[in-house]
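Colleague: Can you walk me through the aromatic rings in this one? Keep it short.

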Amino acid sequence: MNEFAGLLLLGPNDESIIVQTRKGNSVKNAIDPSPRKDQIDKYRRLLEKHPNWVERVPAIGGYNCVGHVWASRRTGIFEQEQIDIVFRDDGFRIVDETKELIHPGDLVAYWSTDHQHFLHIGLVVELRSAVGFTTSIPWVLSKMDATSGEVLHHFRDIDFPGFEYRFEFWTERQKLLR
């Protein structure tokens, strides 16, 4: 099971803040405590497994990947229903990569291949040129779970043990054509 799915089973704690969508709907959230030593050690092993990741912030509690992207690093959002509400209420749409480019500020969302489990989300922060590619490659700033640090990584340099996954780029921009 991945980190995110494991946290869903724990359920929220009692500490939360007010988070609302653009349409004014409240979003359930939970502020997690600082990571324990075993969680920090697990995060360090994850960094070792991904040598191309660039750490921005060391292991820290308080927020998860969804809270990083949508709640300004203030809290964690753990329920898939809440995530779906934000996608809908905030006007996000899937980027049609055959007709438009990915831009910094867009999001990459990772789902189980059956689309039953939301696994992770990250913020596209830069596009890097790569030999053999006609478009630039998105690099993402993300936080793997509520106790990891923030890392910059190639959008495909990620894994979710126990899950086959797919990804989608999302944006709230008006549709832009190439």
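**Rings and charges**

Modeller: F169 is buried, at 1% relative accessible area; buried means under 20%, exposed over 50%, partly exposed in between, with a 1.4 Å probe and protein chains only. This is a predicted model: local features need pLDDT of at least 70, side-chain atom pairs need 80 or more, and totals for chains, interfaces and linings use all residues. Residues are numbered from 1 along each chain as its sequence is written, and side-chain values use heavy atoms, without hydrogens or water.

Colleague: How many aromatic pairs are there?

Modeller: The count is 12. Rings of Phe, Tyr and Trp (its six-membered ring) pair if their centres lie within 6.5 Å; planes under 30 degrees apart are stacked, over 60 edge-to-face, the rest tilted. One of the pairs is F87 with W170, which is tilted, at 4.1 Å between centres and 35 degrees between planes.

Colleague: Why does that pair tie together parts apart in sequence?

Modeller: F87 lies in helix 4 (residues 80–89) and W170 in strand 7 (residues 165–171), so the pair bridges 83 residues of sequence. Helices (H or I, at least four residues) and strands (E, at least two) are DSSP runs, numbered from the N terminus. Both F87 and W170 are buried.

Colleague: And what geometry do F167 and F169 have?

Modeller: Edge-to-face, 5.8 Å centre to centre, 75 degrees between planes. F167 is partly exposed, at 21%.

Colleague: Which residues do ring pairs link into a cluster?

Modeller: W70, F87, F92, W111, F118 and W170.

Colleague: New topic. Which charge lies over the face of W139?

Modeller: R128, 3.6 Å from the ring centre. The rule is NZ of Lys or CZ of Arg within 6 Å of the centre and within 35 degrees of the ring normal. K143 has its charged end over the ring of Y63, 4.6 Å from the centre.
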